[in-house]
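Let us walk through a protein model together, going from its surface to the spaces inside it. Keep the picture open beside you and look up each residue as it is named.

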Amino acid sequence: MKIRLNPTIATMLLCTTVLVVMPKPANAFIGEAAVVAAISGLQKFTGNALSSMTKTLTSQITSSMESLSNPTSVSSMLNKGFTQLSNYEKAGVAAQQRIADASNTAMAEFARRQQDTTIRDEHMMNPEFCTGIDGSQATQGASQSARTATRAIATITDSRGEADAGTPSYYGKGQGVASSMALHGRRYCSQEDVTAGLCSALSRLPNADQRAISLFGQDTLSADGGVDAANDYSTTLIQPVAPAALRGEQLTSTSGREAALRRRAYNARMSLSRYVMNFITSLEIPSINLTDVQKTEMQAEGMTVSDQASWLTSMSLEVNRRVSGVTWNKNLQQMPPATVMRELAIEQAQANYLALQNYRLGLFQSSLAATQVAQHEEESEAKRLAPIPSPNVNPGG
């Protein structure tokens, strides 16, 4: 900013400077007092001029600093600068809000898609579920068939043990022995039997009626003699020959009635024992069509693949398929959590089903144990008691 001086003030300053600098003449007409007075007046005039000039400069500077209407003033320039910074801050806040809104929108879309994926996985049908249902239905069907077979076998064995009409022991124990020996020679003739002349040729299943492998050697009994061999083994194990039936006076006399009571107790024990064996045999009778997955598992286990199998085979295949089956374990690795939980529920249902079967066997075992205790106590009591003499009755007294 340029400062302009008043012309009068400039002239006075110049004159004063000349007077001060110029040397005194030797013969000056002006005295020193006049010079002093002139200098004092000049100084006073100069001070006033400088004071006025200072006030003018201060006013101009203040106006230049404070005036907002002046576009070149400092205040105006600062105001514009602060305004611009404020605008920048507002724009930054608005930009951050837009970024936050866009991020929230994107995250909401991502969360929605993730939720859709979760819902899809939770409700998506897994092939293993259908396979498990098919296997469970096959097992349940085999169980119903096993129950039917148990009742059918029990009807025959109970009638034989009671020596009903039409059974080998109806006319006597000797007839029952002869029938049992004939059956052995016809189905299970061994080389020793051939040598002894009891039968003419060696059978396909020699001595199968007395070997446990006939019942427990395989989970599914073969239809070409395997079922008969298992049933005949149970007969040899429990009741090879049934006692002769009580008929006529044997049932009407006093001693006969007591014998009939003991015979019924004997029949009940034999029926219980045979029912347990019949139940085991029925679980191994081929009674249900296997699924393709079960056939594949049979092949993987090195078994002979067949279209039909027993309840025991069907249940074993379902258990083994989940233990060592490659397909099931591969699918398990790819299952979403919801499908894995469903598979665990199926496993728990199968565990409950097996626990129920074990409970039934526990009932059989408890019944057998109770029968053994009762028979032992009955025999002990009979040994401890002395026979009671029969009284002599005098008809005329």
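About 26,600 Å² of the protein is accessible surface, and carbon and sulfur atoms hold 60% of that area. Accessible areas are computed by the Shrake-Rupley method with a 1.4 Å probe, and for residues only the protein chains shown count as cover. This is a predicted model, in which local features need pLDDT of at least 70 and side-chain atom pairs count only at pLDDT 80 or more, while totals for chains, interfaces and linings use all residues. Residues are numbered from 1 along each chain as its sequence is written, and side-chain values use heavy atoms, with hydrogens and water left out.

## The overall build

The protein has 14 helices and two strands. Both kinds of element are DSSP runs numbered from the N terminus: helices are H or I with at least four residues, strands are E with at least two. Of the 397 residues in the protein, 25% are buried. Here buried means under 20% relative accessible area, exposed means over 50%, and partly exposed is in between (1.4 Å probe, protein chains only).

How do the parts of the chain meet? A contact means heavy atoms within 4.5 Å. Of the contacts between residues at least 6 apart in sequence, 61% join residues at least 24 apart.

E318 and G132 are 186 residues apart in sequence, yet their C-alpha atoms are 7.9 Å apart in space.

I153 belongs to helix α4, which covers residues 127–161. Not counting residues up to four places away in sequence, I153 touches N231, R274, N278, T281 and I285. Another pairing to find in the picture is I153 with S282: they are 129 residues apart in sequence and 8.4 Å apart in space, C-alpha to C-alpha.

Q357 sits in helix α14 (residues 337–384). Apart from its neighbours within four places in sequence, Q357 is in contact with F279 and W311.

Are these residues buried or exposed? Q357 counts as buried because its relative accessibility is 8%. E318 is buried at 2% relative accessibility, and I153 is buried with a relative accessible area of 13%.

## A disulfide

A disulfide is a covalent bond between the sulfur atoms of two cysteines. In this model, a pair of cysteine sulfur atoms within 2.5 Å counts as one. Searching the whole structure turns up one disulfide. C189 and C199 form it, with their sulfur atoms 1.4 Å apart. The pair links distant parts of the chain, 10 residues apart: C189 is in the loop between α5 (173–187) and α6 (191–196), and C199 is in the loop between α6 and α7 (213–216). The link of C189 and C199 is right-handed, with 60 degrees about the S-S bond. C189 counts as buried because its relative accessibility is 0%; C199 is buried too, with a relative accessible area of 12%.

## Spaces in the model

Grid points are joined across faces, edges and corners, and a volume is the space filled by probe spheres set on the points. The structure holds one cavity of 30 Å³ or more.

| Space | Volume | Largest share of the lining |
|---|---|---|
| Largest cavity | about 50 Å³ | α10, four residues |
| Largest pocket | about 650 Å³ | α5, eight residues |

The largest cavity is lined by T157, D158, G161, E162, Q239, N267, M270, S271 and R274. At least two of its lining residues come from each of α4 and α10 (254–282). This lining divides into one nonpolar, five polar and three charged residues. Ala, Val, Leu, Ile, Met, Phe, Trp, Tyr, Cys and Pro count as nonpolar, Asp, Glu, Lys and Arg as charged, and the others, Gly among them, as polar.

Definitions and conventions
On a 1 Å grid over the protein atoms alone, a cavity is a set of points where a 1.4 Å probe fits but cannot get out, and a pocket is an open set with protein on both sides within 12 Å along at least five of seven lines; lining residues have an atom within 4 Å of a point.
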